[in-house]
Amino acid sequence: MVPLPIVIGIDLPSFRLDVSNHCSTMSGMTSEAATLLTHCTLCPRECGTDRIVSPGLCGATGEVMVNIYRLHHWEEPVLSGTRGSGTIFFSNCTMRCAYCQNWRISHEGRGNPRTLDDLCAMMLNLQAQGAHNVNLVSASQYTPLVAEAIRMARERELEIPVLWNSNAYEKPETLRLLDGLVDIYLPDFRYWDSETAERYSGILDYAEWARRAILEMHRQAGRCVIQDGIARKGLIIRLLVLPGQVAPIRDILKWIRDALGAETWISLMGQYYPVHRSKEFPEINRQIKKKEYEQCAGYLDDLGFENGFIQEVGSCADYTPEFAD
Ligand code: SF4
């Protein structure tokens with residue numbers, strides 16, 4: 001793996017939500033955002049947890065947790081460009097994928113609490129380092145808080161595009177909190193059938209929610225716009241090819257073409273490698289085969305897709321940053 005410089009964030013004291021006096025204690029967070037967390041139904045799990053008191057099913061509380069932020073040079077070329085994508089990796093996740101490469105932060109919640117001022121400072125720091133964009137990775141469980149932080153950063157002269165990098169297991173009404181704040185959406189579309197979604201991620205209704213979420217993202221951001229080789233706005237959909245899961249890629253691509261058009265930008269990812277709980281599922285306890293990836297790439301051609309990215313199969317670990325313990 002190519003070592004990347006670790007950027008030390010501004011270490012301000014953490015904060016805890018105080019719903020009795022939130023206007024003065026939450027660094028500008030609105031009362032609406034606080035209310036959303038006291039009976040949380042932000043994501044399709046709708047667990048109803050009072051996150052001020054205890055963590056929800058995603059592991060998140062009322063505090064925003066971040067593992068690391070840094071320039072990242074291994075995103076799609078239109079995102080990393082020459083200077084890097086300004087990634088902020090959020091802790092916890094609304095899904096529990098058995099093969100998650102980031103499981104230490106997404107499942108175990110490793111990270112540190114950050115104030116909205118901290119988040120704002122991270123975004124501005126990444127911009128000052130030359131990042132082409134601010135890349136918010138797995139922030140869905142903190143959507144109203146992160147929306148506030150983006151708003152604050154824009155007021156403090158954040159000018160580069162803001163990118164929402166998510167698993168697409170999201171509710172359209174929650175995504176609407178980001179309308180006008182996020183420039184580029186980078187969702188995964190992981191599963192087409194509910195059996196596979198349940199087997200590997202413990203959720204039956206993934207595809208239904210992903211379709212709705214991606215339609216909302218497209219409504220907000222529209223078609224991907226590239227200027228001077230760098231994405232400025234729009235939607236790019238990531239498809240991770242899982243071992244033995246070639247046919248669903250065709251189903252997903254067909255839906256994307258019919259719903260959004262063949263001009264939609266697709267990133268076909270061949271970097272799967274078995275980690276975490278993959279060994280519990282023998283059929284995915286291996287890397288994908290070259291011919292599986294090539295078959296999926298062929299579907300892009302067959303279905304008339306015009307824009308996108310393909311990878312070398314087995315490029316795997318090069319794309320995973322070293323996270324903080
Ligand atoms: S975001 Fe977390 S706390 Fe909120 S509904 Fe989803 S799982 Fe529950």
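Which residues are closest to the ligand? Cys-40, Cys-43, Cys-47, Gly-56 and Cys-58 are the closest of the 15 residues that surround the ligand, where a residue counts as near if its C-beta atom, placed from the backbone, lies within 6 Å of the molecule. This shell divides into seven nonpolar, five polar and three charged residues (Ala, Val, Leu, Ile, Met, Phe, Trp, Tyr, Cys and Pro are nonpolar, Asp, Glu, Lys and Arg charged, and the others, Gly among them, polar). The model is predicted: local features need pLDDT of at least 70 and side-chain atom pairs count only at pLDDT 80 or more, while totals for chains, interfaces and linings use all residues. Residues are numbered from 1 along each chain as its sequence is written.

Turning to the strands (DSSP E runs of at least two residues; helices are H or I runs of at least four, both numbered from the N terminus), strand 5 (residues 162–166) is largely enclosed by the rest of the structure, because five of its five residues are buried (20 or more other C-beta atoms within 10 Å of a residue's own, with C-beta atoms placed from the backbone). Val-162, Trp-164 and Ser-166 cover one side, and Leu-163 and Asn-165 the other. Strand 5 pairs in the parallel sense with strand 4 (residues 134–137) over four bridges (pairing needs at least two DSSP bridges), and Val-134 stands opposite Val-162. Four bridges also join strand 5 to strand 6 (residues 184–187), again parallel, with Ile-184 as the bridge partner of Leu-163.

Finally, Ala-213 lies in helix 9 (residues 206–221) and is buried, with 24 other C-beta atoms within 10 Å.

How values were computed:
A residue is buried if 20 or more other C-beta atoms lie within 10 Å of its own, exposed if 12 or fewer, and partly exposed in between; C-beta atoms are placed from the backbone.
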